[in-house]
Amino acid sequence: MFSAALARGVRHGFYCTFNRDSLFWLCCLVEGVPTIASSPTATSYFRSFTPQKCIRPATYGIPRHLSRVPSVSSPSDFLLMQRSNIIGNHGILGIWLPARYISNALVELKTDNDVVRFTLDKLDDTNPTKNSQKKKVVKKSRKAKLNELRFYRLKAKKKMNSPNPEVRIRYKLEKAKRKETWLIEKLRKFNVPKLPPETFDPEILTEEERHYLKRTGEKKKHYVPVGRRGVFGGVVLNMHLHWKNHETVKVICKPCKPGQVHEYAEELARLSKGIVIDIKPNNTIIFYRGKNYVQPKVMSPPDTLSKAKALEKYRYEQSLEHTSQFIEKLEKELEEYHQHVAKFKQGKEDTSTTKDVRAGTLYVIPN
């Protein structure tokens, strides 16, 4: 049956008959197949073959392109020949096997119980990273999570109630340092990138003009408060609204740390493009709008925080300040404890030496 199909394939140039599994049946028509099938043990191998052995030259004509088929001695050579024929688009194997029927599998011929079978064995993955990535993450149940939290709470409670004061101090210190790093990461989110400064001509004021503006600014009652939120968009907006009707405006900073008034003055002068006339000792700044003042369309600068964000930043800053003070206090306590332990050990050694001297067990050899 196969010989008739092969004859028809040779007549039509092997284009219609040889498809899908024809190559495997061609591999079976090698010398010694009856002896392979009759062997009692299972074997897996490839015999080298040529088309001249499969087709009798006396009966059928050999096509021109069949004579160029190389011999195959092992499965690895067969795979290399498959790839080269497909990529290069030359040779009879590229015509016989479409790309969808070719893979990286090893084809083996097995003879178990006098039955010939073909098996496809996939190559083992030598990359360990793929196997590690395929591992599924097992989700913990609610009970497992609660048990884990309970374990950590008991562990922390054990350290807090430890009779050793060093364990208690070190636990508090580690916890405070973790909180400090967390607060620093939170405060980084509130760092607004500053816009490049705009070029403008600074106005030069004489001493008489400065004195006049200072007196008028002190007498007037309108002011802009800068509270715990610090400088944000609303403060600059209020300054522009005051400059609509007045030349000067007072900015009162409460609460304010020592030296922070000058920082506020520089920041407000950059954002509002006003001129600082005077800084009072009671944390009051007097600003002048300028001779050629024009009210901007957007009075709240885009590179400033909102009112809610400014309050959130202030709370994080306060927490960071108190945490850093607490860390300093704990470090000082730990240092004092180590000094106390060293002093106690030294006193104990001195008492032991005095007891030995009194008992006469310690002899000092004079030089």
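Strand β4 (residues 248-253) is mostly covered, with 5 of its 6 residues buried; buried means under 20% relative accessible area, exposed over 50%, and partly exposed in between (1.4 Å probe, protein chains only). The model is predicted: local features need pLDDT of at least 70, side-chain atom pairs count only at pLDDT 80 or more, and totals for chains, interfaces and linings use all residues. Residues are numbered from 1 along each chain as its sequence is written, and side-chain values use heavy atoms, with hydrogens and water left out.

**Overall figures**

- The protein has 13 helices and 6 strands. Helices (H or I, at least four residues) and strands (E, at least two) are DSSP runs, numbered from the N terminus.
- Of its 367 residues, 29% count as buried.
- Among contacts with a separation of 6 or more, 67% come from residues 24 or more positions apart. Contact means heavy atoms within 4.5 Å.

**β4 and its partner strands**

- β4 pairs with strand β3 (residues 223-226) in the parallel sense, over 4 bridges. Two strands pair if DSSP finds at least two bridges between them.
- Between β3 and β4 the chain passes through helix α11 (residues 233-243), and this β-α-β crossover is right-handed. Right-handed here means that, with the strands pointing away from the viewer, the path from the first strand over the helix to the second runs clockwise.
- In this pairing, Pro-225 stands opposite Ile-252 of β4.
- β4 also pairs with strand β6 (residues 284-288), in the antiparallel sense and over 5 bridges.
- There, Lys-250 stands opposite Ile-286 in β6.

**Nonpolar core**

- The largest nonpolar core has 21 residues. Such a core is a set of buried Ala, Val, Leu, Ile, Met, Phe, Trp, Tyr and Cys residues joined through side-chain atoms within 4.5 Å.
- The elements giving two or more residues to this core are β3, α11, β4, α12 (260-272) and β6.
- α12 supplies the largest share, 6 residues.
- The residues with the most contacts inside the core are Met-239, Val-251, Cys-253, Leu-268, Ile-285 and Phe-287.
- Cys-253 contacts Val-226, Tyr-264, Asn-283 and Ile-285, leaving aside neighbours within four places in sequence.
- In soluble globular proteins, nonpolar side chains tend to be buried together.

**Helix α12**

- α12 has 13 residues and reaches 18 Å from its first C-alpha to its last. This is close to the 18 Å expected at 1.5 Å a residue, where the expected span is 1.5 Å times one less than the number of residues.
- Its buried residues are Gln-260, Val-261, Tyr-264, Ala-265, Leu-268, Ala-269, Leu-271 and Ser-272.
- The buried residues of α12 pack against β3, α11, β4, β5 (275-279) and β6.

**Loops and backbone geometry**

- Most residues other than glycine have a negative phi, and most peptide bonds are trans.
- The peptide bond from Lys-254 to Pro-255 is cis, with omega near -10°. Pro-255 lies in the loop between β4 and α12.
- Lys-273 is not a glycine, yet takes a positive phi of about 60°. This residue sits in the loop between α12 and β5. Lys-273 counts as partly exposed because its relative accessibility is 37%.
- Asn-283, in the loop between β5 and β6, also has a positive phi, near 60°. At 22% relative accessibility, Asn-283 counts as partly exposed.
- Leaving aside neighbours within four places in sequence, Asn-283 contacts Val-251, Ile-252, Cys-253, Cys-256 and Val-261.
- Asn-283 and Pro-255 are 28 residues apart along the chain, and their C-alpha atoms are separated by 9.0 Å.

**Lys-214**

- Lys-214 is in helix α10 (residues 207-219). It counts as partly exposed, at 31% relative accessibility.
- Not counting residues up to four places away in sequence, Lys-214 touches Ile-277, Asp-278, Lys-280 and Ile-286.
- Lys-214 and Ile-286 are 72 residues apart in sequence and 7.2 Å apart in space, C-alpha to C-alpha.
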